[in-house]
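Keep the viewer open as you read.

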Amino acid sequence: MSKFTVSQSVDHIVRQLKDGFTLAAADHILVRDSDDLPLLIEDLCRRARNEMTGGQRDLAENIFIMAIRIGLNLVGRDAEIAGMRPEVAERSASTLMKEVRALEETDASSAVSAVESFIMGMESVNSRDSLPGYMAEKIRGRLAGSLSPSAFIRAFGEVARGTVYWRMVEERYCKFGNDYARGLEILRHLGFSQVSTNPVLAARAFDEDPSLRSQLAVEIKKHEDWMSDPEAHRDDMALSATLMALWPNLEVFRPLAVRMQNLDYMISFQLNPNIADDAEASLENAKLAYGLAARHLTEYDQHLGLSNHGAVPPNIVLKVAGSSKAARTITRELNAAGIGTNNTVVYTVGQEIRLILDSFEGKARALKAGKPITRTYETNMGGRL
C-alpha cells in the first residue's frame with residue numbers, strides 16, 4: 001500500500017493528472033490510508049483550481065474526469081472494498097461534491113465536456129446494448145440536460161444502487177463477472193469482481209474504440225518482420241492486439257486486486273485457440289503474455305502510487321480450453337509456474353475433475369519450489385477452489 005502523506009498524495013495525483021493518467025490518479029485514494037481523505041480532497045481541489053487558471057482546456061477537462069472518477073469510487077462499492085470506513089467515505093464524498101461545484105463555476109464548459117465524454121464512453125459499450133449503456137440512459141434522464149460533474153456523480157450513485165447487481169452483491173448472494181473487453185470501470189463500481197476476455201472480444205473492442213487501432217498500428221510499425229510478412233506473424237499480432245484490449249481491464253481492477261491480494265479482481269485471458277492442441281506453443285504464448293502483464297502492471301503500480309511496485313503478482317489467470325488433450329499439460333505447467341488457470345470448454349464432470357487435480361498438482365509443485373500461487377481456479381462448470 002501507499003504510505004504517502006496528504007501533501008505527497010496530492011503531488012502524486014497532480015503528476016498523474018498532467019500525464020493523462022486520470023484513472024490512476026483517482027484510484028490512488030483506494031491504495032492509501034483513508035482517514036485523512038477529506039483533507040486530501042480539499043487540498044487536491046485547491047491545487048486543481050490553481051492549475052485551471054492556466055487556461056489549458058485539456059487539463060481542465062481531465063481535472064473534471066478525475067473528479068468524477070474519485071466521486072464514483074466513493075458512491076460506488078469501491079471505497080468499501082478498499083477498506084474505507086463508511087463515515088470517512090461519506091464525509092469525503094460530501095467534501096468532493098462541495099469542492100467540485102466550486103470548480104464547475106471556474107470552467108463550466110470543461111465540466112460539461114467531461115461529463116459528456118464520460119457518458120458517451122458508457123454508451124459506446126456494445127453500442128448501448130449493455131449495462132453501462134442502460135445506466136447511461138437512466139443517468140441522462142435524471143440529469144435532464146444539466147451535465148455537471150457533481151450532478152453526474154449523484155445520479156450515478158442513485159442509478160447504481162437501483163440495479164439488481166448492487167443489491168445481490170450487497171446481500172452477498174453471489175459475485176459477478178463480465179464477459180466483455182470494455183465497460184469494466186463502470187461495473188467495478190457495482191461490485192463486479194471478475195472479467196473474462198478473448199481474441200474475439202478484443203476484436204470487438206477495436207471496433208468500439210478507435211484509439212486501440214492507432215495503438216496497434218504504432219506497435220506493428222515497430223516490427224519490420226511483421227510488416228514484411230504479416231501472415232507469418234499473425235499470431236504475434238493477434239496476441240499484441242488482445243493484450244492492448246486487456247490492459248485497461250488490468251488497470252481498472254489493479255487497485256482492488258492489490259487490496260485483496262488477488263483473492264478477487266482477476267482477469268481471465270484466453271490463450272490463442274489456434275494453438276490449443278500444442279502444449280509447448282501454448283505454454284510459450286501464455287508465459288509471454290503473463291510476463292508482459294507483469295511488466296505492464298509494475299509500471300502501472302507506480303502510476304497508482306504503490307510503495308512496492310509489482311510486489312503483488314499480475315491479477316490475471318490464463319484461460320485454457322479443456323477440450324484439448326494438451327489442456328492437462330498446460331494446466332499443470334502453468335500452475336507449477338505460479339500462473340493460475342481458468343479452464344473453459346469443459347463438457348463433462350470427468351473432464352473438470354481431471355483438470356482440477358492437474359491444477360492442484362501444479363500448485364503443489366509451485367509451493368514446493370517456493371513460488372507464489374494464484375489463489376483462484378475456475379471452470380465454466382464450477383466455482384472457486
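## The overall picture

What you see is a predicted model. Its secondary structure comes to 18 helices and six strands. The radius of gyration is 22 Å, close to the 21 Å that the globule rule gives for 385 residues, so the protein is as compact as a globular protein of that length. Taken along the principal axes, the C-alpha atoms fill a box of roughly 65 × 50 × 40 Å.

## Inside and outside

How much of the protein counts as buried? Of its 385 residues, 55% do. The accessible surface comes to about 17300 Å², and carbon and sulfur atoms account for 50% of that surface.

As for charge, there are 45 positive and 51 negative side chains. The centres of these two sets lie 4 Å apart.

## A closer look at helix H6

Helix H6 takes in residues 86-106, which makes 21 residues. From its first C-alpha to its last it reaches 30 Å, close to the 30 Å expected at 1.5 Å a residue.

Which residues of H6 are buried? They are Val88, Ala89, Ser92, Ala93, Thr95, Leu96, Met97, Glu99, Val100, Leu103 and Glu104.

## Two loop residues with positive phi

Most residues other than glycine have a negative phi. Arg172 has a positive phi of about 60° although it is not a glycine. You will find Arg172 in the loop between helix H10 (164-170) and strand S1 (177-178). Its relative accessibility is 74%, and because the cut-off for exposed is over 50%, Arg172 counts as exposed.

Gln261 also has a positive phi, about 50°, and is not a glycine either. Gln261 sits in the loop between helix H15 (234-259) and strand S3 (266-270). With a relative accessible area of 42%, Gln261 is partly exposed.

## One more stop: Ser211

Ser211 and His12 are 199 residues apart along the chain, and their C-alpha atoms are separated by 26 Å.

Note on methods: Residues numbered from 1 in each chain as written. Predicted model: local features only at pLDDT ≥ 70, side-chain atom pairs only at ≥ 80, totals over all residues. Heavy atoms only, no water. Helix = DSSP H or I, 4+ residues; strand = E, 2+ residues; numbered from the N terminus. Expected span 1.5 Å × (residues − 1). Buried < 20%, exposed > 50% of the residue type's maximum accessible area, 1.4 Å probe, protein only. Rg over C-alpha atoms; globule rule 2.2 N^0.38 Å. Areas by Shrake-Rupley, 256 points an atom, 1.4 Å probe, with all protein chains shown as cover. Lys, Arg positive; Asp, Glu negative; His and termini not counted. Charge placed at Lys NZ, Arg CZ, Asp CG, Glu CD.
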